Amino acid sequence: AVADLLKRGVPARYMIWREEVVRLRALVNDHAEYARIIKPYEDVKVLYIDDFFKAPGGKDPTDGDINIAYNLINHRYNKRLKTIISSERSLMDITRIDEAIGSRIAQMAQGMTGVIGRDPGKNFRMTEGKSC
């Protein structure tokens with residue numbers, strides 16, 4: 001998805017939520033470095049966030065994760081920038097975790113959401129090569 005956008009000249013960026021949120025939490029007190037890392041995600045025309053709110057053991061995200069998510073989503077919402085989100089959590093789950101984040105995502109999506117039920121047959125990592 002992001003590669004196709006880039007080929008068409010659309011500024012796009014891919015973010016692996018679980019990796020970046022750990023890095024951003026570690027920088028929360030280093031304002032300059034935090035801003036340097038988050039800025040490209042905040043301002044790119046199209047951002048794809050993969051595995052949004054994924055936490056070890058299926059736990060809820062930490063307060064720090066929620067704060068980072070709110071700041072990022074709210075910034076993109078206010079700037080009316082496109083955000084593509086994949087998550088194991090439904091929009092209702094995200095809204096339960098934080099209503100402000102969930103409602104902004106819902107409004108930005110304008111009904112363009114989809115749910116793919118859990119099915120190992122739909123997971124390309126489980127079907128590719130079938131050598132498992």
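These legends describe close-up views of one predicted model.

**View 1**
The chain has 7 helices and 3 strands. Along the sequence they follow the pattern α-β-α-α-β-α-β-α-α-α. The chain holds 132 residues, and 33% of them count as buried. Take the contacts whose partners have a separation of 6 or more: 72% of these join residues 24 or more positions apart.

**View 1. Three strands form an open sheet.**
The strand order is E1-E2-E3, and the pairing is parallel. Strand E1 covers residues 12–16 and strand E3 covers 82–85. Both stand at the edges of the sheet, each with a single partner strand, so one side of each has no neighbour in the sheet. From one strand to the next, the twist averages 20°. As background, strands of a sheet pair through backbone hydrogen bonds, and the pairing can be parallel or antiparallel.

Strand E2 spans residues 46–50. E1 and E2 run parallel and are joined by 5 bridges.

**View 2. Helices H2 and H3 pack side against side.**
Helix H3 runs over residues 31–43. The axes of H2 and H3 are 9 Å apart, and the packing angle is about 150°. An angle over 145 degrees counts as roughly antiparallel, so H2 is roughly antiparallel to H3. H2 passes H3 in a left-handed crossing. On the H2 side, Glu20, Arg23 and Leu24 make the contact. On the H3 side, the residues are Tyr34, Ile37, Ile38 and Tyr41.

**View 3. Helix H4 crosses helix H2.**
Helix H4 covers residues 63–79. The axes of H2 and H4 come within 10 Å and cross at roughly 100°. Angles of 65 to 115 degrees count as roughly perpendicular, so that is the label for H2 and H4. H2 brings Trp17, Val21, Leu24 and Arg25 to the contact. H4 brings Gly64, Asp65, Ile68 and Ala69. These residues divide into 5 nonpolar, 1 polar and 2 charged.

**View 4. Isoleucine 68 is a buried residue of helix H4.**
Isoleucine 68 sits in helix H4. Is isoleucine 68 buried or exposed? Its relative accessibility is 3%. The cut-off for buried is under 20%, so isoleucine 68 counts as buried. Leaving out residues up to four places away in sequence, isoleucine 68 touches Trp17, Val21, Leu24, Arg25, Tyr34 and Ile38. Look at isoleucine 68 and valine 21 as a pair. They are 47 residues apart in sequence, yet 7.3 Å apart in space, C-alpha to C-alpha.

**View 5. Aspartate 65 is a charged residue that counts as buried.**
Aspartate 65 also has its place in helix H4. Asp is one of the residue types classed as charged. Its relative accessibility here is 5%, so aspartate 65 counts as buried. Which residues does aspartate 65 contact, leaving aside neighbours within four places in sequence? They are Trp17, Val21, Arg25 and Phe53.

**View 6. Two loop residues have a positive phi.**
Phenylalanine 53 lies in the loop between E2 and H4. Its phi is positive, about 60°, although phenylalanine 53 is not a glycine. At 1% relative accessibility, phenylalanine 53 counts as buried. Arginine 80 is found in the loop between H4 and E3. Arginine 80 also has a positive phi, near 60°, and is not a glycine either. Its relative accessibility is 70%. The cut-off for exposed is over 50%, so arginine 80 counts as exposed.

Methods
Residues numbered from 1 in each chain as written. Predicted model: local features only at pLDDT ≥ 70, side-chain atom pairs only at ≥ 80, totals over all residues. Heavy atoms only, no water. Pairing = 2+ DSSP bridges. Helix = DSSP H or I, 4+ residues; strand = E, 2+ residues; numbered from the N terminus. Axes fitted to C-alpha atoms, helices over the stretch in contact; angles between N-to-C directions. Buried < 20%, exposed > 50% of the residue type's maximum accessible area, 1.4 Å probe, protein only. Contact = heavy atoms within 4.5 Å. Parallel < 35°, antiparallel > 145°, perpendicular 65-115°, else oblique. Left-handed = near helix turned anticlockwise from the far one by under 90°.
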